[in-house]
Amino acid sequence: MTELLITGARLSGTPGDVLIRGGTIVEIGRVDAPAGIERLDADGLDLLPGFVDLHTHLREPGREDAETIASGSAAAAVGGFTAVLAMANTDPPTDTAEAAELILDRGRAVGIVEVIPVGAVTKALAGQELAELGLMARSRARVRLFSDDGHCVQDARVMRRALEYLKPFGGVISQHAQDSNLAGPAACCHEGETSGRLGLPGWPGAAESVIVARDVQLARHTASRVHIAHVSTAESVEIIRWAKAKGIAVTAEVTPHHLALGTELVAGYDPTFKVNPPLRPTTDQESLRAALADGTIDAVATDHAPHARHDKEHTFEAAAFGMLGLETAFSVVHDLMVTSGRMTMTDLVHRMSVNPARIAGLDEHGRGLDVGAPANLVLVDPARRVTVDRAASWSLSRNNPWHGMSFTGAVHTTILRGRPTAHDRKVIHA
Ligand SMILES: NC(=O)N[C@@H](CC(=O)O)C(=O)O
Ligand SMILES: [Zn+2]
Ligand SMILES: [Zn+2]
């Protein structure tokens, strides 16, 4: 049985050793382990539960030129993730039990991060007929998170039926909240002062918040669970805060880029900064940061959205929406929220591991560092400064909005079921 001894790590503040055997934590504190056992010196590092990403696009099957389950898993592992939820907008989409099991099995074959398929809400993400929700939930993939992400479930009646259907399975719908009539087909950025000046067609923040308002009402009506994907506006935050106060079963995620990057970045017409929902003004960013810190927003999710060169290198209006996020999420969030004093490291652990694991129904992730818990862990160095280099990415794509920026806080080693999967940005295969 494989054993690993992590020595001198900070365990919620206090230094200690952790002995892992057969993928499980078996001893914590001062461990007198026999010589010859594999050791990992973690002096000055924090040992945390591995990160869980509720929102990753892996592009396989269908767009393996942009990302594969193998390349996306590598990016996730070096980013400190032990589990990622793989969005359903592949080609073909994940709208059947077979499709979900295929993603699960390919993720296991790669074996460096747990890949959990998200199931589509509607067949072919078309918004009309419900997908095989029950069969996906009962499949080997145990799908609990459902989303038509990339598309919003526009029809309130379809959304209501899906919420009712998923309730007995403990399922949750992650909604890409965007009213398609308010966000017309040509819109490519936030509608406001910057878009007006640049002559780019935009869409208003209200296109998001009207759907958030509708969906919390549907969650209330059905007593079922809704999760708001990539929240980007102050108005959405207000509605979520109100809904939580009413006891409505709503959860929400925010991306590192909506927290840290503002709409003025589109002024250079660089399609790297074209994303859906669009980068918003400072007032929205401030509200998102406050909501993440006070827990109104439960989780950080990357919305890692790789795109091949030939889809991204176009005029701003014609380029694909989306940006990379897996490898940089911890550094960005740590620097922006923890180094700045807005949140503690414990808060970060809740937003990046504990809460996303709970929302997705994952028992093996986001657990406290206790004897008997599965050893899905990450060691981070909160003092180390990193500069992002898009050429050094494990992703097959290069649409990295963080290129050239520096952050305080780095992922050191990621551990999946007791086995290191990434160390200092290098991937370790079994
Ligand atoms: N976020 C994006 O801009 N793009 C995502 C879709 C999505 O998350 O809505 C993609 O699949 O490329
Ligand atoms: Zn989306
Ligand atoms: Zn997405």
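Leaving aside residues up to four places away in sequence, His55 touches Leu85, Met87, Ala229, His230, Glu253, Ala301, Thr302 and Asp303, where contact means that C-beta atoms, placed from the backbone, lie within 7 Å. The model is predicted, with local features requiring pLDDT of at least 70 and side-chain atom pairs counting only at pLDDT 80 or more, while totals for chains, interfaces and linings use all residues. Residues are numbered from 1 along each chain as its sequence is written, and chains are lettered from A and ligands numbered from 1 in the order in which they are written.

His55 lies in strand S6 (residues 51-56); strands (E, at least two residues) and helices (H or I, at least four) are DSSP runs numbered from the N terminus. His55 is buried because 28 other C-beta atoms lie within 10 Å (buried: 20 or more; exposed: 12 or fewer; partly exposed: in between; C-beta atoms placed from the backbone).

An unreviewed UniProt entry lists His55, His57, Asp149 and Asp303 under "binding site"; its positions follow the numbering used here, feature names are shortened, and annotations may be inferred rather than shown by experiment. These residues are spread over 249 residues of sequence but cluster in space, with a largest C-alpha distance of 9.8 Å. Asp303 is placed in the loop between strand S15 (299-300) and helix H10 (309-312), and is buried, with 29 other C-beta atoms within 10 Å. Beyond its neighbours within four places in sequence, Asp303 contacts His55, His230, Thr255 and Gly325.

A "binding site" annotation from UniProt (unreviewed entry) also covers residues including Asn89 and Gly322. Asn89 is buried, with 21 C-beta neighbours inside 10 Å.

Methods. Two residues are in contact if their C-beta atoms, placed from the backbone, lie within 7 Å.
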